[in-house]
Amino acid sequence: MTAIGALLTMIGLLAALVARAGVAEAARGGGVAGYLARLLTLIGLLLALRLAGLALPSPLIVAAIMVVAAWLPLVTLRLAEELVRRHAPRWLKLLALFGAGGFSLLAVTFGLVWTGPALIALALFQAAVVVAILLHLLRQRGSVSLAERRAGDMLALAFALALPLLATDFAFAFPDLPFRGGPFAALVFVLACSRLAGTASRPLRLLGDLALVAGAGGLTALAVQLAAAPAALASAIAATASAAAALVLLAERFAAAPARGEGLLLPIARAAPDEAAILAAHPLLAHAVPVTAEALADLPDDLVVALAARPVVTAARDPANETLTDAARELLARYGASHLLRLAPAPAPRFLAVSGGALDEARLTQELTIVARLLERAP
């Protein structure tokens with residue numbers, strides 16, 4: 001690894017740590033945030049091991065790098081499954097699991113070194129799983145809420161952009177590059193994480209971030225060229241400027257996240273105590289889709305009564321009633337919603353189909369439950 005490569009790796013590591021700290025609170029509730037935190041932890045560990053391998057070359061560190069790289073596709077797959085709330089095909093799960101275990105075994109048994117065939121096999125394994133994950137995200141677009149669909153599209157875009165960058169890390173295929181694209185792949189992904197953790201989980205917003213980062217690098221390259229610096233130095237400084245711009249953007253975004261994450265309750269607390277004012281107090285409720293009793297006429301009466309007994313309906317599994325779980329998930333998929341907020345109980349139930357984000361699903365469920373209780377007493 002060159003000096004510029006080490007510097008870029010260090011910036012990528014700092015970015016992964018910033019993103020991991022930014023999602024730490026939400027990760028305590030599990031779900032999407034939990035798997036996102038695990039993936040960021042593995043990315044940070046991989047970059048840290050690369051730096052350690054540069055400072056203290058050792059077969060043990062090389063083997064550890066291979067083990068972490070082998071488990072990244074499986075954790076990525078679990079994140080995608082949580083994001084769209086749908087299981088991936090069984091063959092894909094087995095491929096990711098056995099691939100992670102197989103390459104880990106290879107790393108700790110056969111000399112603890114990377115070999116040419118092992119590198120090629122690992123690259124093909126990672127590429128195959130990531131492409132399958134992208135297809136899984138795209139196939140399930142119609143079964144999730146609008147906010148979750150945008151988040152899935154954004155992550156799919158991040159994976160698609162990161163894959164070619166990761167491919168440059170295999171030196172045997174690209175021996176003449178001045179630095180590798182792995183740190184930039186990490187930066188692309190953590191920029192997507194910063195959008196996922198906020199309220200702007202949209203592919204175009206991620207492209208805007210990348211355009212800003214590329215613009216910083218481009219302006220720096222222009223300035224260095226005007227100063228008549230050597231071409232190799234110009235490219236190194238421009239790459240460092242781009243990576244530093246991404247790190248600054250991430251730090252600013254996660255630092256500001258708590259200040260803008262007031263949620264549902266504060267706007268509703270400022271609203272008048274009637275149903276119309278409560279529902280208009282926050283855009284998430286104001287833009288929700290009404291679900292009337294007539295829209296539920298195709299469901300059995302006992303299931304409708306059971307659904308209406310819940311202040312908030314989610315896709316969470318109910319072990320005591322699998323039929324009710326299936327009905328709730330079918331109804332949520334029908335409206336592209338993540339939650340159904342009860343407005344009126346049986347015998348003439350009414351709901352709102354709410355399209356919330358995936359990262360703060362547990363928090364949103366708690367807040368919607370409070371809103372449902374307020375609406376029970378609202379005139």
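Among contacts in the chain between residues at least 6 apart in sequence, what percentage join residues at least 24 apart? The value is 70%, where contact means heavy atoms within 4.5 Å.

The model is predicted: local features need pLDDT of at least 70 and side-chain atom pairs count only at pLDDT 80 or more, whereas totals for chains, interfaces and linings use all residues. Residues are numbered from 1 along each chain as its sequence is written, and side-chain values use heavy atoms, with hydrogens and water left out.

**Overall organisation**

The secondary structure of the chain comprises 16 helices and four strands; these are DSSP runs numbered from the N terminus, with helices being H or I of at least four residues and strands E of at least two. Of the 379 residues, 46% count as buried. Buried denotes under 20% relative accessible area, exposed over 50%, and partly exposed the range in between, with a 1.4 Å probe and protein chains only.

**Aromatic and charged side chains**

Two aromatic pairs are present in the structure. Rings of Phe, Tyr and Trp (its six-membered ring) pair if their centres lie within 6.5 Å; planes under 30 degrees apart count as stacked, over 60 as edge-to-face and the rest as tilted. The pairs are listed in the table.

| Pair | Centre to centre | Angle between planes | Class |
|---|---|---|---|
| F103 and F125 | 5.5 Å | 35° | tilted |
| F159 and F189 | 5.6 Å | 15° | stacked |

F103 belongs to helix α5 (residues 90–109) and F125 to helix α6 (residues 116–139), so this pair ties together parts that are 22 residues apart in sequence. F103 is buried at a relative accessible area of 12%, and F125 is buried at 7%.

**Helix α14 against helix α15**

The axes of helix α14 (residues 301–308) and helix α15 (residues 322–335) come within 10 Å and cross at roughly 80°. Axes are lines fitted to C-alpha atoms, for helices over the stretch in contact, and angles run from 0 to 180 degrees between N-to-C directions. The two helices α14 and α15 are therefore roughly perpendicular to each other, a class that covers 65 to 115 degrees; under 35 counts as roughly parallel, over 145 as roughly antiparallel and the rest as oblique.

From α14, L303, A306 and L307 meet T323, L324, A327, A328 and L331 of α15. The residues of this contact divide into seven nonpolar, one polar and no charged. Here Ala, Val, Leu, Ile, Met, Phe, Trp, Tyr, Cys and Pro count as nonpolar, Asp, Glu, Lys and Arg as charged, and the others, Gly among them, as polar.

L247 is located in helix α10 (residues 231–260) and is buried at 18% relative accessibility. Leaving aside neighbours within four places in sequence, L247 is in contact with I11, L14, A15 and V18. The C-alpha atoms of L247 and A19 are separated by 9.8 Å, although these residues are 228 apart along the chain.

A69 lies in helix α4 (residues 59–84) and is buried, with a relative accessible area of 8%. Not counting residues up to four places away in sequence, A69 touches L46, L122 and Q126. A69 and L122 are 53 residues apart in sequence and 8.4 Å apart in space, C-alpha to C-alpha.
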